[in-house]
Protein chains: 2
Amino acid sequence: MARPKKDAIQQSSKDKLLEAATVLIRTNGYSATTVDDLCLKAGLSKGTFFHNFKSKEELAIHAAKNWSLKTSEFFKAAPYNKKKDPLERFLGYIRFRKEILQGDLPEFTCLVGTMVQETYDSNPEIKEACYESIFGHAESLNDDITLARELYAKKSKWSSESLALHSQAVIQGAFILAKASGDVKTASQSIDHLENYIRLLFNK
Amino acid sequence: MARPKKDAIQQSSKDKLLEAATVLIRTNGYSATTVDDLCLKAGLSKGTFFHNFKSKEELAIHAAKNWSLKTSEFFKAAPYNKKKDPLERFLGYIRFRKEILQGDLPEFTCLVGTMVQETYDSNPEIKEACYESIFGHAESLNDDITLARELYAKKSKWSSESLALHSQAVIQGAFILAKASGDVKTASQSIDHLENYIRLLFNK
């Protein structure tokens with residue numbers, strides 16, 4: 001059997017470190033996660049770590065960008081996108097966010113929402129990557145909200161952008177309630193209120 | 001001039017450390033904040049630190065409890081409590097949460113919401129103190145919501161408890177948006193949506 005090419009091995013180590021960063025930061029936050037923890041989790045040596053990333057900070061920035069990419073693909077592939085009505089797609093997205101509250105907390109909570117809490121003041125580059133991720137995801141909802149507004153709530157005063165961002169605020173805050181209580185129900189109830197709000201805004 | 005009594009000095013050092021913990025954890029999170037940072041900020045020696053608290057963890061738990069106490073007094077003294085109508089008190093509370101988004105991020109964001117993000121999996125005692133603070137504060141809103149529900153939305157399906165918790169989810173999530181964007185407007189717009197939701201729920 002042919003040995004994998006060097007590029008393929010490096011790609012694989014990089015992916016392992018990105019995965020380790022995602023799991024560990026979602027569990028313990030950015031500051032508590034050390035390079036040693038990351039190497040142990042990824043099953044790699046420190047030499048391999050520093051061959052791929054010059055620092056924990058650089059890995060965190062790449063992990064946030066990778067998170068944006070992967071979550072974007074994940075939501076694009078979700079079934080609600082097939083609905084013909086833009087409001088049904090937006091409501092489908094909200095219900096989907098509730099459906100994926102499965103498993104343990106580090107499996108469904110948000111890497112970038114967690115990371116920005118600790119780094120917003122001390123690390124502008126990590127903060128920027130978290131901003132791009134959260135606000136970029138909100139932006140991906142704008143078109144459907146704008147179309148739905150045109151169809152069902154033309155005279156409303158709120159902007160599509162503010163409603164898209166509000167949906168992200170509710171979801172991020174719901175994760176905090178779930179982490180504090182250890183009970184996912186506190187998160188899903190808040191997403192129910194968000195769905196109810198959207199229905200009231202659009203008279204649906 | 002008489003020297004302050006030993007008890008008074010200890011009280012003062014304890015308060016300085018609680019204040020330092022509140023400022024530093026709101027700025028950089030729990031893990032990034034070291035005992036050295038806390039001593040430097042409080043202007044106290046390590047000896048004084050360990051005379052008052054056996055560990056950073058113990059200080060964090062006391063800081064969370066102190067936060068619950070101080071925020072509870074702060075909200076009890078706020079002007080909206082004087083309103084006669086329970087819905088007006090609840091809406092007054094929501095608007096007050098928007099009004100106090102003033103100054104720099106560490107001055108208006110939430111100590112316990114920040115701390116629980118990093119400690120929920122690793123530190124059950126800190127998590128519990130954060131839970132008591134967030135869920136205890138939500139509970140303080142229950143009576144007014146229940147009275148308002150009785151007056152204006154008797155047949156509604158949602159529970160007062162879930163709406164009180166939802167208000168906290170929105171506020172916690174709004175802080176995350178403000179931290180990621182560096183723009184307090186993203187937080188205040190989300191609180192506007194929360195107020196709008198409550199008005200729609202109560203037909204007001």
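The model is predicted: local features require pLDDT of at least 70, side-chain atom pairs count only at pLDDT 80 or more, and totals for chains, interfaces and linings use all residues. Residues are numbered from 1 along each chain as its sequence is written, and chains are lettered from A, with ligands numbered from 1, in the order in which they are written.

**The two copies**

Display chains A and B together. Of the contact residues of chain A, 100% recur in chain B, the same surface serving both copies.

**The interface**

Next, select the residues in contact across the chains (C-beta atoms, placed from the backbone, within 7 Å). Chain A gives 43 residues and chain B gives 43 residues. On the side of chain A, H1, H6, H7, H8, H9 and H10 each supply at least two residues; helices are DSSP runs of H or I with at least four residues, numbered from the N terminus. H9(A) provides the largest share, 16 residues. By class, this side holds 21 nonpolar, 18 polar and four charged residues, where Ala, Val, Leu, Ile, Met, Phe, Trp, Tyr, Cys and Pro count as nonpolar, Asp, Glu, Lys and Arg as charged, and the others, Gly among them, as polar.

**Around Ala64 of chain B**

Centre the view on B:Ala64. Beyond its neighbours within four places in sequence, B:Ala64 touches B:Leu111, B:Val112, B:Met115, B:Ile126, B:Ala129, B:Cys130 and B:Ser133.

**Two helix pairs**

In chain A, select H4 (residues 56-76) and H8, which pack at about 5° with axes 8 Å apart; axes are lines fitted to C-alpha atoms over the stretch in contact, and angles run from 0 to 180 degrees between N-to-C directions. H4(A) is therefore roughly parallel to H8(A), a label for angles under 35 degrees, with roughly antiparallel for those over 145. The contact includes A:Ala64 of H4(A) and A:Ala129 of H8(A).

In chain B, select H5 (residues 86-99) and H10 (residues 184-201), at about 170° and 9 Å between axes. H5(B) is thus roughly antiparallel to H10(B). Their contact residues comprise six nonpolar, one polar and four charged, among them B:Phe90 of H5(B) and B:Glu195 of H10(B).

Methods. Contact = placed C-beta atoms within 7 Å. Parallel < 35°, antiparallel > 145°, perpendicular 65-115°, else oblique.
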